[in-house]
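Dear colleague,

Please find below the structure that I am handing over to you. My findings are set out after it.

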Amino acid sequence: MTSVATVIPVKDGERYLEELLAALAREGVQEVLVIDSGSHDRSLEIARAAGVELLEIAPEQFSHGRTRNLGAERTSGELICFLTQDATPCPGWLAAYLDAFALEQHVGAAYGPHLPRADTSPMIARELTEFFAGFEAQPSGQNGNARAHGPVVQRAGDVSFLSNVNACYARACWEEIRFRDVRYSEDQAFGADMLAAGWTKVYQPAAAVLHAHDYSTAEFMRRYFDEYRGLRQTSGHVEPFAISATARHVLSEVAADRRWMSERDMDAATRMRWTTRSLAHHAGRRVFSAIGSRSERLPNALHRRLSLEGRGAEAANGQPAQGAGEVSPVPATAQIEQKLSGEVYDVVAEVWRDGPAPLSDPVPGMAERERLRLAMVIPPFSRGSGGHNTLFQIFSRLERRGHTCSVWLADYNGYARDVWPAVLREEINEYFAPFKGPVYKGFADWQGADVAIATGWQTVHAMLQLERCRARAYVVNDHEPEFYPASVEQSLAADTYRYDLHCIAASPWLRDQLIERYGASAEAFQLGVDHNTYQPRPVARRPATVVYYARYVTPRRAVPIGLMALAELKRRRPDVRIVLFGANEVLHASFPYEHVTVLSPEQLSWLYSEATVGLCLSLTNFSLMPKEMLACGLPCVELAGISAESIFGTDGPLELASLDPNRLADAMERLLVDRERWERRSREGIEFVASHTWEHATDEVEAGLRHALREREALADTAIR
Amino acid sequence: MSTAETSSERELQAENEILRARVAALESELVEVQARTNAVVAQWQERAYWLDRWHLDLNALMRKPGAAELRGALRAIRSVVRAYKRARRSLSRS
């Protein structure tokens, strides 16, 4: 005879457990395993008294799929029945299952109906009855072997429904398919998986159990939330929701419940009482089913409150159970839908696959034409972005010189998703410099250009795809691979220097890097200073005051070294006043200091005018800030041996020191102590940056753009010859 | 070099000059057209600032059910108000 095991997951199931175990004994089930996941009631006592095998697991180890797999592993019957703690087998249950598996050779599972208990609410009683009656009426997909009230074989293409409230599995089938490691709806997933694998299943009306959830209306709603959340996780099902359809559905369900009650001769008062519950039940069910299947949009705390099982989002998505060796530590997988398209990496992949778009044929004399069509491709920006300020100071002036200018935002990561083009244009004008041309998001309206200009590594691959360009150029503000640790970003940033783009670099040091490290065609421009803003202000300098650009969120600013240098200076000269600026958050330091947040250019010029020494460090390309300090007559300490010498020389207006806190403290101390040195640096600084204007920077960039066009003409001439 | 060859070269040069002039004219026309296009787009962006700021797409809004009816109702109200104002003006004149 076929051996049968029954597995019953239990938690606080004392109400029906005794009755259930008694029914199993009556049916003659040889092997019964109760898996308790932390009951606080008499469940354990009842199981022990019944003499069945008992396995206790921690509540957090429970999940519907994983725990049932564990139960199947712990038993040995050729058939494995699963029951819930509130499902009591009716007489003839086991024999009916044995009959079902004898119907065909390849039956992998069978399931029976859930009959309402005497005190089950009319809504649930009707629903259960009508639901399972639907399987009886439904003939099997292929051989039409259904007969009234008889078992029905279901195959691939038929309904995949399966319910572990009352189901029985052939061990061979379970071993092949196994329950998915999901927290909910593991039975539905199994039903679909087994049919797809070629197994059949049987609906056996005679293998019935008494079963009903005895919940309040609110508990029902929370259970529906759990069920549909699980269904979404296992099958991707999203419950549709529309107000008018919901209203129609609820009214028809309430009417059906009332008919059901009338057919069972319930009195008018009872009918009225249940009608109110019915209305709340069906309306709430629709709403909470819809919410459950869209639960990924809810915050975790709300998840926990809505879930009857009290599980948050991360638990619902299947966090691994800890502890017992029997439980797989591999977390349940979650299906993630496609959310993004056209990320920067996709664009890179397209360029690597297809190569850059071909350039338009050069036209003789185009490099010397008075008005050029210039299209600048920029990455997303925010207020205070130094690189964008440089770009728009120059582009604004190119526009004023009569060139036809347009701006194109490449925003593959969606940073500016909620900012529409007219707003972008206004922000450029507000944050950086006046710009009268159009601003586009994306390239759907691309019109072609004499020179397409990339302005950051994230813009290069997009720019390379643009057609109808005569030439391409790359305004390089910094050596961007150094912004990243070893990463894809670092590699892609370096990749942008290898497309034969003519680079216009923001310092001679940067130009040399591009030529020497990447073999790029490059020339340099000098960053300009807004001398109307940055000039010595009519304010007395405060003695022994050091101002430090402590922008710690930018690693290339070497803030830890700067703070160590200031700590050393403070140790040597306790009277020194230290002011940190450039970040909104307060930094913890080993010395007392004063803090000002991010300042406007006007405010900065006053700060520089009343300080004694400026400290501004850069581990990559030299930035605008030391020039602005010098323009205000403030001597500045910078790092030696990186990029500053390429602009200021080794003994120029800057006080240079190596990347060493003691040497930096020495440099600051020299300026604080040596009055003559301070005055020389201050005077030389003002004189040095006087010629560094944005007009001059624009001249250099314009020359670079024309150079890019000239290179194209030269190449075409060579090709003709 | 024969006279015929020299003359043919001159003709080619002249033709080249004509073509270069034509290309230059077309180039400046292209720049002019793009400048005008840019100006028009920029002007519309300037006008649409608040619509973009509030994420209002009026075309999409007017395609929604009831939008045309609402607009019709507003026009009807406006015509009633105008008729009332006209009547009041004519009464005050008389």
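Predicted model: local features only at pLDDT ≥ 70, side-chain atom pairs only at ≥ 80, totals over all residues.

The contact draws on 24 residues of chain A and 22 residues of chain B. Together, chain A and chain B bury about 1900 Å², with 58% of this area on carbon and sulfur atoms. A:R373, A:W420 and A:A422 account for 28% of the area that chain A buries against chain B, more than any other three residues.

Between chain A and chain B there are 4 salt bridges. A salt bridge joins the side chains of A:R470 and B:E27, at 2.8 Å from N to O. Polar contacts between chain A and chain B amount to 10 residue pairs, both residues being at pLDDT 80 or more. On the side of chain A that touches chain B, the elements giving two or more residues are β13 (404-409), α15 (421-431) and β14 (439-441). The largest share, 5 residues, is that of α15(A).

As for the arginine, A:R542 lies in the loop between β18 (521-524) and β19 (545-549) of chain A. Its relative accessible area is 39%, which lies between the limits of 20% and 50%, so A:R542 is partly exposed. Leaving aside residues up to four places away in sequence, A:R542 touches A:R577, A:E610 and A:T612. A:E610 is 68 residues from A:R542 along the chain, yet their C-alpha atoms are separated by 5.6 Å.

With kind regards

Note on methods. Residues numbered from 1 in each chain as written. Chains lettered and ligands numbered in written order. Heavy atoms only, no water. Contact = heavy atoms within 4.5 Å. Buried area = accessible area lost by both parts, 1.4 Å probe. Polar contact = N/O pair within 3.5 Å; in protein donor to acceptor, adjacent residues only side chain to side chain. Helix = DSSP H or I, 4+ residues; strand = E, 2+ residues; numbered from the N terminus. Buried < 20%, exposed > 50% of the residue type's maximum accessible area, 1.4 Å probe, protein only.
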